[in-house]
Amino acid sequence: MTVLDSPIPRFHLAMPVDDLAAARHFYGEVLGLEQGRSSDTWVDWNLHGHQFVTHLAPARPQGIHNPVDGHDVPVPHFGLILTIPEFHKLADRLRAAAVEFVIEPYVRFEGQPGEQWTMFLRDPAGNALEFKAFADDAQVFAV
């Protein structure tokens with residue numbers, strides 16, 4: 001089953017960027033997303049079947065951080081839940097592109113319900129992204 005066939009609805013997310021050329025490089029080359037329609041002020045991206053749009057917005061407020069596991073987690077942030085092999089493949093791709101992590105890949109809740117790999121990074125405009133991979137997808141919402 002593909003994401004297009006999934007009973008889970010696909011999301012649409014629009015994020016501000018201050019440089020469309022830098023966004024095209026980061027999302028297209030570094031993350032390897034397929035580019036869709038575009039104009040002089042926005043670009044559509046296929047984020048694993050979800051519609052992600054980068055909109056030119058030069059003036060932006062500063063983000064905040066929340067303490068989690070001894071890390072300063074940037075808020076707001078967005079990302080994907082991947083399989084563990086996809087997560088490590090992406091982490092390797094990001095390292096090869098010399099992307100600086102806000103929070104290096106690590107395991108949270110090891111041996112507990114909700115065990116997950118997680119990593120945080122920023123795109124060239126400063127938008128925070130988190131990618132995760134759960135040891136057991138049935139525990140995404142574990143308490």
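Tyr-27 is buried in this predicted model, with a relative accessible area of 1%; buried means under 20% relative accessible area, exposed over 50% and partly exposed in between (1.4 Å probe, protein chains only). Residues are numbered from 1 along each chain as its sequence is written, and side-chain values use heavy atoms, with hydrogens and water left out. Because the model is predicted, local features need pLDDT of at least 70 and side-chain atom pairs count only at pLDDT 80 or more, whereas totals for chains, interfaces and linings use all residues.

The search of the whole structure gave 5 aromatic pairs. Rings of Phe, Tyr and Trp (its six-membered ring) pair if their centres lie within 6.5 Å; planes under 30 degrees apart count as stacked, over 60 as edge-to-face and the rest as tilted. Tyr-27 and Trp-45 form a tilted pair, 6.1 Å centre to centre with 40 degrees between the planes. Tyr-27 lies in helix 1 and Trp-45 in strand 3, so this pair ties together parts that are 18 residues apart in sequence. Helices (H or I, at least four residues) and strands (E, at least two) are DSSP runs, numbered from the N terminus. Tyr-27 also forms a tilted pair with Phe-52, at 5.0 Å centre to centre and 50 degrees between the planes. Phe-52 lies in strand 4 (residues 50–56), so its pair with Tyr-27 of helix 1 ties together parts 25 residues apart in sequence. Phe-52 is buried, with a relative accessible area of 0%. One aromatic cluster is formed by Phe-26, Tyr-27, Trp-45, Phe-52 and Phe-78.

Tyr-27 is also among the residues with the most contacts inside the largest nonpolar core, which has 28 residues. A nonpolar core is a set of buried Ala, Val, Leu, Ile, Met, Phe, Trp, Tyr and Cys residues joined through side-chain atoms within 4.5 Å. The largest share of this core, 5 residues, comes from helix 1. Phe-131 is another of the residues with the most contacts inside the core. Not counting residues up to four places away in sequence, Phe-131 touches residues including Leu-31, Leu-80, Phe-87 and Trp-117, where contact means heavy atoms within 4.5 Å.

Two strands pair if DSSP finds at least two bridges between them. Strand 3 and strand 4 pair in the antiparallel sense over 6 bridges.
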